[in-house]
Amino acid sequence: MKNIAAIIPAYNPQQSLITYVHQLLATTITQIIIVNDGSDQKYKDIFENLDKIERCQVLQHDCNISKGGALKTAFAYIREQQARCHGILTVGAHGQHTLQDVKLVLTMTKVFSEGIVLGVRNFRSTDSTFLSYWGNRATSLFFEILYHKKLMDTQTGLRYISINELPWLMKVKGERYDYDTNMLVAALKRKCPVFEVEIGQLRIKKNSIIQYDEITNAGTIITRMLINYLKPRNSNG
């Protein structure tokens, strides 16, 4: 059985995160690393309770540096601790990913043991707005045009990553939502395999934090994608 560590970047999470962590630890996940990404002081008790849970470690940021930065903090912690795990699973803190979705991705890691496995969301769900549906379609199409790889959901936060990919992942640029896309671009350039697993419906929680819900402005994502695509060409003259 694989040892898999779950990473949860968290900014102003709800009390339900505590229950969710217990549920995750009841699966095949062996440990959970939560990064408190500069949450408000009123959420202090939640993180203190999380830190008391066996096999759960809470890391602290003094200020909010966003999702990409939080993931890198957790990656560095895993490497420093020389944790004996075969892979890591990135999971949302705001109820975006159901336990069923997590279990499905965990099951598929038995088939796709290397590279990156993406939990692809269903943007045709009743929770999905017209803009989120077409925004996702637009970013996926633009990604395919630039990088010649068809991916149905470039912004999903539910991902399994083989531990072998960690060294280069820590060097990928981007501290905010753009890190999700940059990770995939870097993977393709390195010929790292990227697989997709269809999970449940898109889940949007009211009053949740945009960068941790992976629901971002399609125009901004496409703009960042284009800038990153042109950078190497500009630097090469």
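# Close-up views of a predicted model

**View 1. The largest nonpolar core and the residues at its centre of contacts.** The largest nonpolar core numbers 31 residues, and those with the most contacts inside it are Ile8, Val21, Ile32, Ile34, Leu50, Leu89 and Val102; a nonpolar core is a set of buried Ala, Val, Leu, Ile, Met, Phe, Trp, Tyr and Cys residues joined through side-chain atoms within 4.5 Å. At least two residues of this core come from each of β1 (4–10), α1 (16–25), β2, α2, β3, α4 (99–108) and β7 (194–201), and the largest share, six residues, is supplied by α1. Apart from this core lies another, of 29 residues, which includes Ile33, Phe75, Ile161 and Ala187. Ile8, leaving aside neighbours within four places in sequence, is in contact (heavy atoms within 4.5 Å) with Leu17, Val21, Leu24, Ile32, Ile33, Ile34, Val35, Val91, Gly92 and Ala93. The model is a predicted one, in which local features need pLDDT of at least 70 and side-chain atom pairs count only at pLDDT 80 or more, whereas totals for chains, interfaces and linings use all residues. Residues are numbered from 1 along each chain as its sequence is written, and side-chain values use heavy atoms, with hydrogens and water left out.

**View 2. The chain as a whole.** Nine helices and seven strands make up the secondary structure listed for the chain; helices (H or I, at least four residues) and strands (E, at least two) are DSSP runs, numbered from the N terminus. Of the 237 residues in the chain, 53% are buried, where buried means under 20% relative accessible area, exposed over 50%, and partly exposed in between (1.4 Å probe, protein chains only). Among contacts in the chain with a separation of 6 or more, 81% are between residues 24 or more positions apart.

**View 3. The crossover from β2 to β3.** Strands β2 (residues 29–37) and β3 (residues 56–61) run parallel and are joined by six bridges, two strands being taken to pair if DSSP finds at least two bridges between them. Between these strands the chain passes through helix α2 (residues 44–51), and this β-α-β crossover is right-handed, a term used if, with the strands pointing away from the viewer, the path from the first strand over the helix to the second runs clockwise. Ile32 has Cys56 of β3 as its bridge partner. In the loop between α2 and β3 lies Arg55, which has a positive phi of about 70° although it is not a glycine, and which is partly exposed, with a relative accessible area of 42%.

**View 4. Ser39 in the loop between β2 and α2.** Ser39, found in the loop between β2 and α2, counts as buried because its relative accessibility is 14%. Not counting residues up to four places away in sequence, Ser39 touches Ala10, Tyr11, Asn12, Pro13 and Phe47. A polar atom of the Ser39 side chain lies 2.8 Å from the backbone nitrogen of Asn12, and the side chain of Ser39 also makes a polar contact with the side chain of Asn36 (2.8 Å); a polar contact is a pair of N or O atoms within 3.5 Å, and within protein one must be able to donate a hydrogen and the other to accept it, while residues adjacent in sequence count only if both atoms are side-chain atoms.

**View 5. Helix α3 and its flanking residues.** Helix α3 (residues 67–81) has 15 residues and reaches 21 Å from its first C-alpha to its last, close to the 21 Å expected at 1.5 Å a residue, the expected span being 1.5 Å times one less than the number of residues. This helix is mostly covered, with 11 of its 15 residues buried, among them Leu71, Lys72 and Phe75. In the loop between β3 and α3 sits Ser66, a buried residue with a relative accessible area of 6% and a positive phi of about 85° although it is not a glycine. Just after α3, Gln82 takes a positive phi of about 50°.

**View 6. Tyr179 in helix α7.** Tyr179 has its place in helix α7 (residues 178–189), where 10 of the 12 residues are buried, and Tyr179 counts as buried at 0% relative accessibility. Not counting residues up to four places away in sequence, Tyr179 touches Gly68, Leu71, Lys72, Phe75, Leu169, Val172, Lys173 and Gly174, and its side chain reaches the backbone oxygen of Leu169 at 2.7 Å. Tyr179 and Lys72 are 107 residues apart in sequence and 9.8 Å apart in space, C-alpha to C-alpha. α7 is followed by Lys191, whose phi is positive, near 60°.
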